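Opening the notebook on this one.

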Amino acid sequence: MIRAHTLLFDLDGTLTDHYAGIAASIRHALECVGAARPADAALRGCVGPPLRETFARLLGTTDAPLIERAVAHYRERFADVGWKENVAYAGVGDTLSALAATGVRMYVCTAKPETFARRIVEHFGFAPHFRAVYGADFAGRFDDKSTLMAHLIATEAVDPAVAAMIGDRHHDIRAARANGVHAVGVLWGYGSREELADADALVAEPMELTTLAA
């Protein structure tokens, strides 16, 4: 059984369900650059991965200026209204409160730009439970979650051997592996069991996460 002194949480698909805001902002961006509107099935896979990776796939291109234009249009709508088109998963608030009471250190580690991530964490009242929120920057320095996690670990002096990354996509599992951190997959988000097969543990309900606290 995993026991951790430090827990790193993904945001989208783990703490909150942000599909509505993400999907609407992606559609807006694609319309602005003259691209076709994708089907809902395609958009569901866009919750979690870095934004530039998402637009490269949806546009079928490696044209960096085009991708950056799409990202800019996305962020314009997202900053205005998209970030609020979001709901917290049932039980997450109580789970964070229970974990905080154990004294475990908790951080947010998300591919979402840090500015928006902080706003969302505060909006849902989760901020008091986390020591810090780490996210991507607008320039793309931390688009690779492995790099972001390494930055968090170094900055916060986290011991990877007693830390766990909790997330719903393979990006979370891969980043944990790259940094020597335990990987915990959550099944209420956007990744399938198959996508999360390399995790050290899978959980089906938020409260199950309380067993991780050392």
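Entry 1, the aromatic cluster. I looked for rings that group together and found that Phe55, Tyr74, Phe78, Phe116 and Phe138 form one aromatic cluster. I'm keeping in mind that this is a predicted model. Counting pairs over the whole structure, I get eight aromatic pairs. I took Phe55 and Tyr74 for a closer look: their ring centres sit 6.1 Å from each other, with 75 degrees between the planes, and the pair is edge-to-face. Phe55 belongs to helix α3 (residues 51-59) and Tyr74 to helix α4 (residues 64-80), so I noted the pair as a link between distant parts of the chain, 19 residues apart. I checked accessibility too, and both Phe55 and Tyr74 come out buried.

How are the rings of Phe124 and Phe126 arranged? Their planes make an angle of 25 degrees and their centres are 5.9 Å apart, so I put this pair down as stacked; the cut-off for stacked is under 30 degrees. Phe126 has a relative accessible area of 4%, so it is buried. Phe124 has 22%, so I list Phe124 as partly exposed, given that buried means under 20%.

I went back to helix α4, where Val71 is found. Val71 has 1% relative accessibility, so it counts as buried. What does Val71 touch, leaving out residues up to four places away in sequence? I found Leu51, Arg52 and Phe55.

Still on α4, I looked at how helix α1 (residues 19-32) packs on it: the axes are 8 Å apart and the angle is about 135 degrees. An angle over 145 would have counted as roughly antiparallel, so I've written α1 and α4 down as oblique to each other. The crossing is right-handed. On the α1 side, I listed Gly21, Ile22, Ala24, Ser25, Ile26, His28, Ala29 and Cys32. These meet Ala70, His73, Tyr74, Glu76, Arg77 and Phe78 in α4. By class, I get eight nonpolar, four polar and two charged residues in this contact.

How do helix α7 (residues 145-156) and helix α8 (residues 170-178) cross? Their axes come within 8 Å and the angle is roughly 50 degrees, which makes α7 oblique to α8. I noted a right-handed crossing for α7 and α8. From α7, the residues in contact are Lys145, Ser146 and Met149. From α8, I wrote down His171, Asp172, Arg174, Ala175, Ala176 and Ala178. Sorted by class, the contact has four nonpolar, two polar and three charged residues.

Most residues other than glycine have a negative phi. I then checked Ala157, which is not a glycine, yet its phi is positive at about 55 degrees. Where is Ala157 placed? I located Ala157 in the loop between α7 and β6 (163-167). Its relative accessible area is 60%, so I've marked Ala157 as exposed.

Conventions:
Residues are numbered from 1 along each chain as its sequence is written. This is a predicted model: local features need pLDDT of at least 70, side-chain atom pairs count only at pLDDT 80 or more; totals for chains, interfaces and linings use all residues. Side-chain values use heavy atoms; hydrogens and water are left out. Axes are lines fitted to C-alpha atoms, for helices over the stretch in contact, and angles run from 0 to 180 degrees between N-to-C directions. Helices (H or I, at least four residues) and strands (E, at least two) are DSSP runs, numbered from the N terminus. Angles under 35 degrees count as roughly parallel, over 145 as roughly antiparallel, 65 to 115 as roughly perpendicular and the rest as oblique. A crossing is left-handed if the near helix is turned anticlockwise from the far one by less than a right angle, and right-handed if clockwise. Contact means heavy atoms within 4.5 Å. Ala, Val, Leu, Ile, Met, Phe, Trp, Tyr, Cys and Pro count as nonpolar, Asp, Glu, Lys and Arg as charged, and the others, Gly among them, as polar. Rings of Phe, Tyr and Trp (its six-membered ring) pair if their centres lie within 6.5 Å; planes under 30 degrees apart count as stacked, over 60 as edge-to-face and the rest as tilted. Buried means under 20% relative accessible area, exposed over 50%, partly exposed in between (1.4 Å probe, protein chains only).
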